[in-house]
Amino acid sequence: MDKFMHFVEDKMSPIADKLGEQRHLSAMQKGFMTVLPLIFVGAVFMVIANPPVTADMVKSGGVWSIFS
């Protein structure tokens, strides 16, 4: 494991540092980080608006039939 960590620190870190300094990639990263909470909230509301329940499940025992 030490050999792998040494490889990552020596070879990959400089590449990652150079990519991290790029302003265009940094702007994309910040944009994604800003929008991510909105995507999660939207996904939760989509599950609430369209629950994963079919009409047959409701007839046979209501919404609680998905847990049995």
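Analyst: The average pLDDT of the protein, a predicted model, is 86, and 88% of the residues score at least 70; pLDDT is the predictor's confidence in each residue, from 0 to 100. Among the elements, helix 2 has the highest mean pLDDT (94) and helix 3 (residues 55–61) the lowest (72). Because the model is predicted, local features need pLDDT of at least 70 and side-chain atom pairs count only at pLDDT 80 or more, while totals for chains, interfaces and linings use all residues. Residues are numbered from 1 along each chain as its sequence is written, and side-chain values use heavy atoms, with hydrogens and water left out.

The protein has three helices and zero strands, in the order α-α-α along the sequence. Helices (H or I, at least four residues) and strands (E, at least two) are DSSP runs, numbered from the N terminus. Of the 68 residues, 4% count as buried, where buried means under 20% relative accessible area, exposed over 50%, and partly exposed in between (1.4 Å probe, protein chains only).

The nonpolar patch covers about 1,100 Å² and is made by Met1, Phe4, Met5, Phe7, Met12, Ile15, Leu19, Leu25, Met28 and Phe32. Patches are made of residues with over 30% relative accessible area and no salt bridge; like charges are joined within 9 Å, and nonpolar side chains (Val, Leu, Ile, Met, Phe, Trp, Tyr) within 5 Å. A salt bridge is a side-chain nitrogen of Lys or Arg within 4 Å of a carboxyl oxygen of Asp or Glu.

Helix 1 (2–21) and helix 2 (23–49) each supply at least two residues of the patch, and helix 1 gives the largest share, six residues. Met12, a member of the patch, is also the site of a kink of about 45° in helix 1, shortly before the proline Pro14. The bend at a residue is the angle between axes fitted to the seven residues ending there and the seven starting there.

Leu25 lies in helix 2 and is partly exposed, with a relative accessible area of 40%. Of the 27 residues of helix 2, the number buried is one, so this helix lies largely in the open. Helix 2 also bends by about 30° at Val35, and the proline Pro37 follows within four residues.

Conventions
Areas by Shrake-Rupley, 256 points an atom, 1.4 Å probe, with all protein chains shown as cover.
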